[in-house]
Amino acid sequence: MQREKIAGRGAATAVADQAAERAQLRRLEVASVIEAATLLLLIGLAVPLKHLAGWELGVKAMGPIHGLAFVAFAWMAVQTVAGGGWSRAEVARLFALAFLPFGGFLNLGLLSRKAAALQPGNAGS
């Protein structure tokens with residue numbers, strides 16, 4: 001009877017761990033989109049307005065906002081990959097794309113595939 005309880009608890013813990021990992025991947029997706037959007041606003045709107053119209057307020061506002069979004073994304077990414085199950089190429093891609101315009105949006109495919117692999121009933125789980 002005790003073994004059944006332990007085995008049941010192990011399965012429940014594994015399911016809870018997968019749910020927590022899916023939630024972490026979802027948070028990383030949100031952070032990736034926010035980071036990408038702030039980068040686009042910074043280099044696509046604020047910087048041109050600074051140089052073409054002399055309006056420096058956009059850069060002064062968007063610079064720190066994007067910086068905070070990038071740091072939050074990087075921290076979230078470190079937390080996520082520390083859980084394991086990531087190849088070096090996936091980690092390199094995750095961080096490299098954060099430096100490119102639209103790169104954060106390209107990371108969504110990788111993150112969605114990682115989350116799908118954690119769904120109950122998949123062969124990869």
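Author: The expected span of a helix is 1.5 Å times one less than its number of residues. Helices (H or I, at least four residues) and strands (E, at least two) are DSSP runs, numbered from the N terminus. The model discussed here is predicted: local features need pLDDT of at least 70, side-chain atom pairs count only at pLDDT 80 or more, and totals for chains, interfaces and linings use all residues. Residues are numbered from 1 along each chain as its sequence is written, and side-chain values use heavy atoms, with hydrogens and water left out.

Reader: How many helices and strands are there in the protein chain?

Author: The protein chain has four helices and zero strands. Along the sequence, the pattern reads α-α-α-α.

Reader: What span should the 15 residues of α4 have, and how far apart are its end C-alpha atoms?

Author: At 1.5 Å a residue, α4 should span 21 Å, and its end C-alpha atoms lie 22 Å apart, which agrees. Helix α2, with 26 residues, reaches 38 Å from its first C-alpha to its last, close to the 38 Å expected at 1.5 Å a residue.

Reader: How should I read burial, and which residues of α2 are buried?

Author: A residue is buried under 20% relative accessible area, exposed over 50%, and partly exposed in between (1.4 Å probe, protein chains only). In α2, the buried residues are G58, M62, H66, A69, F73, A74, M76, A77, T80 and V81. In α4, the buried residues are G103, G104, N107, L110, L111, K114 and A115. Of the 125 residues in the protein chain, 28% are buried.

Reader: How is a pair of packed helices described?

Author: Two packed helices are described by the angle between their axes and the distance between the axes. Axes are lines fitted to C-alpha atoms, for helices over the stretch in contact, and angles run from 0 to 180 degrees between N-to-C directions. Angles under 35 degrees count as roughly parallel, over 145 as roughly antiparallel, 65 to 115 as roughly perpendicular and the rest as oblique. Here, the axes of helix α2 (residues 57–82) and α3 come within 11 Å and cross at roughly 170°. The two helices, α2 and α3, are therefore roughly antiparallel to each other.

Reader: Which residues make the contact of α2 with α3?

Author: Contact means heavy atoms within 4.5 Å. From α2 come F73, A74, A77, V78 and V81, and from α3 come V91, L94 and F95. For classes, Ala, Val, Leu, Ile, Met, Phe, Trp, Tyr, Cys and Pro count as nonpolar, Asp, Glu, Lys and Arg as charged, and the others, Gly among them, as polar. The contact of α2 with α3 has eight nonpolar, no polar and no charged residues.

Reader: Where do α3 and α4 cross, and at what angle?

Author: The axes of helix α3 (residues 88–96) and helix α4 (residues 103–117) come within 9 Å and cross at roughly 145°. The contact is made by E90, R93 and L94 of α3 together with L106, N107, L110, L111, R113 and K114 of α4. The residues of this contact divide into four nonpolar, one polar and four charged.

Reader: What should I know about phi?

Author: Most residues other than glycine have a negative phi, and most peptide bonds are trans. F102 has a positive phi of about 70° although it is not a glycine. F102 lies in the loop between α3 and α4, and at 52% relative accessibility F102 counts as exposed. Just after α2, G84 also takes a positive phi, of about 95°.

Reader: Which residues is L28 in contact with, leaving aside its neighbours within four places in sequence?

Author: L28, found in helix α1 (residues 2–53), is in contact with F73, M76, A77, T80, L94 and L111 when those neighbours are left aside. At 0% relative accessibility, L28 counts as buried.
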